[in-house]
Amino acid sequence: MTSRAAVDGTGLGLRRALMGPLSQCQEVPFQFMEVAPENWIPMGGRLGREFRRFTERFPFVCHGLSLSLGGPHPLDFELLAAVKRFLDEHQIRCYTEHLSYCSDGGHLYDLMPMPFTGEAVRYVADRIRRVQDFLERPIGIEHVSYYTPPGGPAEMTELAFIRAVLEEADCGLLLDVNNAYVNGINHGYDPHGFIDGLPGERICYVHIAGHYDEAEDLKVDTHGSAVIEPVWALLDHAYQRFGVLPTLLERDFNFPDNQTLFAELARIGETQRQVESRARKPDRSCG
């Protein structure tokens with residue numbers, strides 16, 4: 001399947017702390033927004049009216065947090081029914097979730113990596129297909145950051161595992177360039193090569209974010225700081241590899257003022273324009 005989202009340009013994750021500052025702005029440097037549906041279901045009253053003003057102004061995508069696609073317990077179809085109503089009510093353009101699990105008899109409040117095995121591929125791909133059938137739409141999955149190797153002996157690399165799940169489930173991919181950078185540092189692989197190996201035709205859109213330097217060889221994906229230069233370079237590399245993709249800035253806390261936030265968003269747009277401009281330049285070399 002080809003799984004590009006029906007959004008373009010630059011996006012921003014909408015958090016409740018941003019609603020007030022953003023509502024005062026007539027012009028903003030982004031074209032679409034993203035929410036985690038679990039954080040907005042149920043919703044009504046003043047908050048519902050404020051949220052509706054954003055969904056009427058911008059196209060929206062959704063990125064789920066708690067479906068636990070790789071978890072040991074049955075899929076939560078009560079949650080999925082609520083998500084489906086939310087997607088339909090707000091005309092959400094694309095729904096994605098994490099290639100991980102986050103529950104085991106209770107919520108773990110973290111995204112745990114799956115073992116890189118053929119059994120895990122078949123297990124999670126079956127669950128993704130069931131989710132897509134229930135929602136009556138394709139979904140995308142995001143490769144997660146992780147800090148210790150998944151349990152048990154690995155039968156394949158992380159990249160091979162992701163590719164196998166995408167093929168078996170026939171679903172889309174949410175590319176997170178910061179996760180690729182963080183995992184590359186933490187687990188000793190080249191994030192450029194990792195991105196090169198992904199099936200570009202399945203990419204829905206892209207995430208970019210900041211992280212925390214715990215140590216020289218340990219980075220923690222926090223979404224609480226500015227994007228660093230190597231991650232910006234990795235985004236440019238992804239564009240060179242796959243063409244310009246819709247790209248969303250994630251910021252979950254330590255929110256800067258609008259000027260600082262908008263500067264990061266504007267850099268996404270400028271990077272997209274530069275890559276497009278380079279692609280349009282004719283080749284004047286002689287054979």
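This is a predicted model: local features need pLDDT of at least 70, side-chain atom pairs count only at pLDDT 80 or more; totals for chains, interfaces and linings use all residues.
User: OK, so how do α6 and α8 cross?
Analyst: The axis of helix α6, residues 177–187, and that of helix α8, residues 229–242, come within 9 Å and cross at roughly 120°, and the two helices are therefore oblique to each other.

User: Right-handed or left-handed?
Analyst: The crossing in which α6 passes α8 is right-handed.

User: And which residues make the contact?
Analyst: On the α6 side the contact is made by V177, N178, A180 and Y181, while α8 contributes P230, V231, L234, L235 and A238.

User: How many of those are nonpolar, polar or charged?
Analyst: The residues of the contact of α6 with α8 comprise 8 nonpolar and 1 polar, with no charged residue among them.

User: Switching topic, how many helices and strands does the protein have?
Analyst: The protein has 9 helices and 12 strands, and along its principal axes the C-alpha trace spans about 60 × 45 × 40 Å.

User: What radius of gyration would a compact globule have, and what does the protein have?
Analyst: For 287 residues a compact globule would have a radius of gyration near 19 Å, and the protein, at 19 Å, agrees with that.

User: What share of the residues is buried?
Analyst: Of the 287 residues, 50% count as buried.

User: And what about contacts between residues at least 6 apart in sequence, what share join residues at least 24 apart?
Analyst: Among those contacts, 80% join residues at least 24 apart.

Methods:
Residues are numbered from 1 along each chain as its sequence is written. Side-chain values use heavy atoms; hydrogens and water are left out. Axes are lines fitted to C-alpha atoms, for helices over the stretch in contact, and angles run from 0 to 180 degrees between N-to-C directions. Helices (H or I, at least four residues) and strands (E, at least two) are DSSP runs, numbered from the N terminus. Angles under 35 degrees count as roughly parallel, over 145 as roughly antiparallel, 65 to 115 as roughly perpendicular and the rest as oblique. A crossing is left-handed if the near helix is turned anticlockwise from the far one by less than a right angle, and right-handed if clockwise. Contact means heavy atoms within 4.5 Å. Ala, Val, Leu, Ile, Met, Phe, Trp, Tyr, Cys and Pro count as nonpolar, Asp, Glu, Lys and Arg as charged, and the others, Gly among them, as polar. The radius of gyration is taken over C-alpha atoms; the globule rule is 2.2 Å times the number of residues to the power 0.38. Buried means under 20% relative accessible area, exposed over 50%, partly exposed in between (1.4 Å probe, protein chains only).
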